[in-house]
Every structure is written in structure tokens, then in C-alpha cells.
Amino acid sequence: MVKITDVARHAGVSPSTVSYVLSGKRPISEETRRRVQASIRTLGYRPHAGARPAGGPANVLGLVMPLWAGVHAPTALRYAASVVTAARSYGHDVLVLTQDDGEEGLRRAVDSAPVDGLIVMDVRLHDPRLPVLRGLDRPAVLIGFPADRAGLTCVDLDFGAAAERCVDHLAELGHRAVALVGPPPEVYARRTARAQHVLQGFTAAAGRHALTCAVHPCEATAAAARATAGRLLREDPAPTGIVVHNEAALEPLTEAFAQLGTRVPEDLSVTAICPAEAAASAHVPLTSVALPAAETGERAVELLMRARAGEPVPATTLLPPVLTVRASTARRTGPADA
């Protein structure tokens, strides 16, 4: 069994320094902290829970991941996996909290769970959990950006800029009518921050380019995707470019367009905000902005551990969108749309 002294020897530091890196009880230089983490990963060190003093750190992080209606579980699990992987590099386990009863549920979970800090997912624009998070006696990091970020630490992809980048690309290709295929209606009703930021970015970019635009929430079923495809093609003017922010609808939506005789990209250019693997493996590889799940989870854990160590952390960490152009978009060559 690897001991803390083995980690200290491998990293060239004292055992107490390793302990401080793990517990966050004292500030440690970034270079030393990274060296200790690398040794922990290399040696496979796992802190022994029974060795902690009473009242000491739990070496457990809480991941608040409510499974509300409309949440695409595979996408959420990508983020959860990245948090778990990053936490292990600090010698921490992760307790996943899936309760969905809002402020009181979060308060009960925090009071009963032995966690040193929280990472909160599926953030809403006006999230009722924020007063609890601001009043905690332990740090918290949000994966998402509520409207009021005062007193909070937030990290996520800049979803508004991601939507703008997709619309900019379509406009550059000469498309004059565009549409957003968004997540299910209940996600908008909940005012989930990511969906709202995509919506804002989409409409802002469409307005900037003077494009005709429409927004279509879409349930995560093949039947809903087929119905949405039909509605899009019946619009006047029908869009020649779309932005899809709904991973579950990607495949059935493109299949529906093919069944309706609409070719991608000859008749319709398709962009998406989705995992890179989903975009690259589509029947027609999709031009997309990737969801940086691995980087987001890693940054969230890093911010949490730095806060636990008493180090200053930025209130806002916006990850810039990167658009990868693939085969699903092409220059508009048909009659003018407007």
C-alpha cells in the first residue's frame, strides 16, 4: 500500500506538505501542489479515511447533479466523470447528490453529507439554491452562470459566445434565415442558464447580421425531432442554416431531414453545440462547438481546492468556444431567402 511518506519522497517534499495539499488547510505554492498531485497520480495513492482526525477534512467533494426532466443524462455524466477524475488527482472521492427539491434539499444534503466542498451543476438563471450556497461554511463552485454571480465562483463554456460563433459561421456562408433547435420546453421553463445563454447569443448574433430567425424547443425523442424538422421546413422563409443545442435530438433530426428530402449541407447547413465525439461521428460530420466537459470538471475541482486552501480564485472562468468546421455546412448557393 502506498503511504503518504512514499508520495512525499517521490515529490521531494515533506509528508506534512503532502497532507496540506490534500486537506487544503494551508496555502501551498502552485508548482509544489502540481508536483505533489503528479506523484499522487503516478503512485496511485489513496488517503485512508480512517486515518483522518475527528473533525478533520473528509477528503470528499459533493457533486450536486439534479436529474431534472429534460436533462440529457449522457452529457451530464461526461461532466460528472471529469469531476471524479480531477478529484482523484487531489486524493478526494466524490459524493454525487441527485436530489431535486431545491433549496431545502440542498441544505439537508449539505448538513448530512461529509463533504469538504460542493460542485453544483444544472444551474438556473435565477437559481433558488444560491442563498444556501452563499451562506455555506465550505466552498462551492458552480458549473454554469446564474444572472447574479455576486459571492459565487462559476466556471463553464461561454455558451452565449458559442451560439454567436455558430450563427456568425452561417452568416459568413451567406445564410439569411436561421433557426435554433433547443432543448425540451421544460428546460426553458426552468430557465436553465446554459439554454438561456445560448438563446441570448443566438438572437443577438442573428440581429447583428439582420437574419430571419426562429427558436424551436425540442423534446428528446425521435418523434419530436421529426415533428420539429417538418415545422422548420414549413416556415416562411424556411431556414437554410440551423444551430442545434440538443444532443439527444441530433441524430433523429438529421435522419428526419433526409427522410423529408432535405440534403445536408446542400439544402440545409447544420451546426451544433455538443460533444466533439457526437459531432464527428454523425452520418454527415457536424460543424460544431465542442462541450469541454473534461476541462470544465478539471477547472471546477481546481478552483474548489484552491478556495479550500485559502487562495484567491477568480469569480468567473469563461471557457472560450472553439468552432470546428466539418462537412455539415456549406455556402448558400440557392435563391435569396429574404
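## Salt bridges in the predicted model

The structure holds 19 salt bridges. The model described here is a predicted one. Side chains of opposite charge can pair when their charged atoms come close.

## Charged pairs in helix α3

Helix α3 spans residues 30–43 and contains both Arg33 and Glu30, which are three residues apart, about one turn of the helix. These two residues form a salt bridge in which the closest N and O atoms are 2.5 Å apart. Arg33 has a relative accessible area of 6% and is buried, whereas Glu30 is partly exposed, with a relative accessible area of 28%.

Glu30 also forms a salt bridge with Arg34, where the closest N and O atoms are 2.8 Å apart. Glu30 and Arg34 again both lie in helix α3, here four residues apart, about one turn of the helix. Arg34 counts as partly exposed, at 45% relative accessibility. A network of salt bridges links Glu30, Arg33 and Arg34 with Glu302.

## A pair between two helices

Another salt bridge is formed by the side chains of Glu277 and Arg78, at 3.4 Å from N to O. Because Glu277 belongs to helix α12 (residues 276–280) and Arg78 to helix α4 (residues 73–89), the pair ties together parts that are 199 residues apart in sequence. Both partners have intermediate accessibility values: Glu277 is partly exposed, with a relative accessible area of 48%, and Arg78 counts as partly exposed at 29% relative accessibility.

## The six-stranded sheet

Six strands make up an open sheet with mixed pairing, in the order β7-β6-β8-β9-β10-β12. The strands at the edges are β7 (212–217) and β12 (323–324); each has a single partner strand, so one side of each is left without a neighbour in the sheet.

Strand β6 (residues 177–182) pairs with β7 in the parallel sense over six bridges. Within this pairing, Ala177 stands opposite Thr212 in β7, and Leu180 stands opposite Val215 in β7. Helix α7 (residues 159–172) touches β6, β8 (241–244), β9 (269–274), β10 (287–290) and β12, and its direction makes about 165° with that of β9. Helix α10 (residues 222–234) touches β6 and β7, and its direction makes about 160° with that of β7.

Strands β6 and β8 pair in the parallel sense over four bridges. Here Val178 stands opposite Gly241 in β8, and Val181 has Val244 of β8 as its bridge partner. Strands β8 and β9 also run parallel and are joined by four bridges; Gly241 has Ser269 in β9 as its bridge partner. Together with helix α11 (residues 247–259), β8 and β9 make a right-handed β-α-β unit.

In a regular strand the side chains alternate between the two faces of the sheet. In β6, six of the six residues are buried.

## Nonpolar cores

The largest nonpolar core has 44 residues, of which Ile119, Ile143, Val243, Ile273 and Val301 touch the most other members. Helix α7 supplies the largest share of this core, seven residues.

Apart from this core lies another, of 21 residues, which include Ala179, Ala229, Ala249 and Leu253. The surroundings of Ile273 can be listed in detail. Leaving aside residues up to four places away in sequence, Ile273 touches Leu157, Phe159, Ala162, Ala163, Cys166, Val198, Val243, Val244, His245, Val289 and Leu291.

Terms used. Residues numbered from 1 in each chain as written. Predicted model: local features only at pLDDT ≥ 70, side-chain atom pairs only at ≥ 80, totals over all residues. Heavy atoms only, no water. Pairing = 2+ DSSP bridges. Contact = heavy atoms within 4.5 Å. Axes fitted to C-alpha atoms, helices over the stretch in contact; angles between N-to-C directions. Right-handed = clockwise from strand over helix to strand, strands pointing away. Core = buried A, V, L, I, M, F, W, Y, C linked by side-chain atoms within 4.5 Å. Buried < 20%, exposed > 50% of the residue type's maximum accessible area, 1.4 Å probe, protein only. Salt bridge = Lys/Arg side-chain N within 4 Å of Asp/Glu carboxyl O.
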